[in-house]
Each structure stands twice: as structure tokens, then as C-alpha cells.
Amino acid sequence: MNFVFVALGGALGAVGRYAISMIPLKTDFPFLTLITNILGAVLIGLIAGMASARQELSPNTVLFWKTGVCGGFTTFSTFSLEAYELFEKGSPILGLVYAVVSVVSCILGIICGKKIAAIFGE
């Protein structure tokens, strides 16, 4: 049943992300992605805060919103929450390392993926 909650939330999050991408704003800076990531971070922070402060939120509700909606909307929100939690738990160095390694590794992953695609595209 957990998969159903995640799937339904994920669909809602993906549709939300797509809706934002349809806003007719064309610039060199990816404002819409930035807005999506910030909104996702606010939403996952709200859910995490409510889940820890209120025990009446069911695990399925948290799964639907946190993993499903936020995961479908932007996985950057999950990354941001995890980095924040490392800082919050008194591990600022680990939080910083996680943030830097995540961003740099993902950019390198994009480069690798594009190179692999170019090889197979020839």
C-alpha cells in the first residue's frame, strides 16, 4: 500500500513541476527550476516539521507528501532536507561535504551521461 501513496503523490508532484515549467518565462537563468526547487524545499520542510511536531500525521500521509509529492516535484527538496538535518544534528562539516559532493558529482554525472549518449549516437 505504501507504493500506492508514493505513486499518487509522485504523480501530483510531477504534474505540479510540469505546470510550473509551462509558465511563459524565457531567460538564460533557470528561474523556473530555481522556483520549483525552493517551493519543494519549503514544502518538504513544512511536512518534516509537521510530522515531528504532530504525531497525528499518519505515516501514509507523510509518505504521500514527503516521498511522493516532493519526490515527484523535485528531488532537490530531499537533498536539501538531508543536508539540513546533518547541520541540525551537529555535523556541519559532513553537511557541507554532502552538499558539495552531491552538486559536483551530479554535474559530473551529467557530463558523463552526455558523453555516453554522444558515443551511442554516432
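Among contacts between residues at least 6 apart in sequence, 57% join residues at least 24 apart in this protein, with contact meaning heavy atoms within 4.5 Å. What you have here is a predicted model, where local features need pLDDT of at least 70, side-chain atom pairs count only at pLDDT 80 or more, and totals for chains, interfaces and linings use all residues. Residues are numbered from 1 along each chain as its sequence is written, and side-chain values use heavy atoms, with hydrogens and water left out.

**Overall build**

The C-alpha trace spans about 55 × 35 × 30 Å along its principal axes. Of the 122 residues, 19% are buried; that label means under 20% relative accessible area, while exposed means over 50% and partly exposed is in between (1.4 Å probe, protein chains only).

**Surface and charge**

Accessible areas come from the Shrake-Rupley method with a 1.4 Å probe, and for residues only the protein chains shown count as cover. A nonpolar patch of about 780 Å² is put together by Ile23, Leu25, Phe29, Phe31, Leu34, Ile35, Ile38, Leu39 and Val42. To join a patch, residues need over 30% relative accessible area and no salt bridge, with nonpolar side chains (Val, Leu, Ile, Met, Phe, Trp, Tyr) linked within 5 Å. A salt bridge is a side-chain nitrogen of Lys or Arg within 4 Å of a carboxyl oxygen of Asp or Glu.

As for charge, there are 7 positive and 6 negative side chains, and the centres of the two sets lie 5 Å apart. Lys and Arg count as positive, Asp and Glu as negative; His and the chain ends are not counted.

| Residue | Relative accessibility | Class |
|---|---|---|
| Valine 42 | 56% | exposed |
| Alanine 41 | 29% | partly exposed |
| Phenylalanine 73 | 11% | buried |

Valine 42 sits in helix H2 (residues 31-53), and alanine 41 is in helix H2 too. From alanine 41 to phenylalanine 79 is 38 residues in sequence and 8.9 Å in space, C-alpha to C-alpha.

Phenylalanine 73 belongs to helix H3 (residues 59-73). Leaving out residues up to four places away in sequence, phenylalanine 73 touches Gly13, Ala14, Gly16, Arg17, Ile20, Thr36, Leu39 and Gly40. Its C-alpha lies 9.1 Å from that of leucine 39, 34 residues away in sequence.

How values were computed:
Charge placed at Lys NZ, Arg CZ, Asp CG, Glu CD. Patch = residues over 30% accessible without salt bridge, like charges linked within 9 Å, V, L, I, M, F, W, Y side chains within 5 Å. Helix = DSSP H or I, 4+ residues; strand = E, 2+ residues; numbered from the N terminus.
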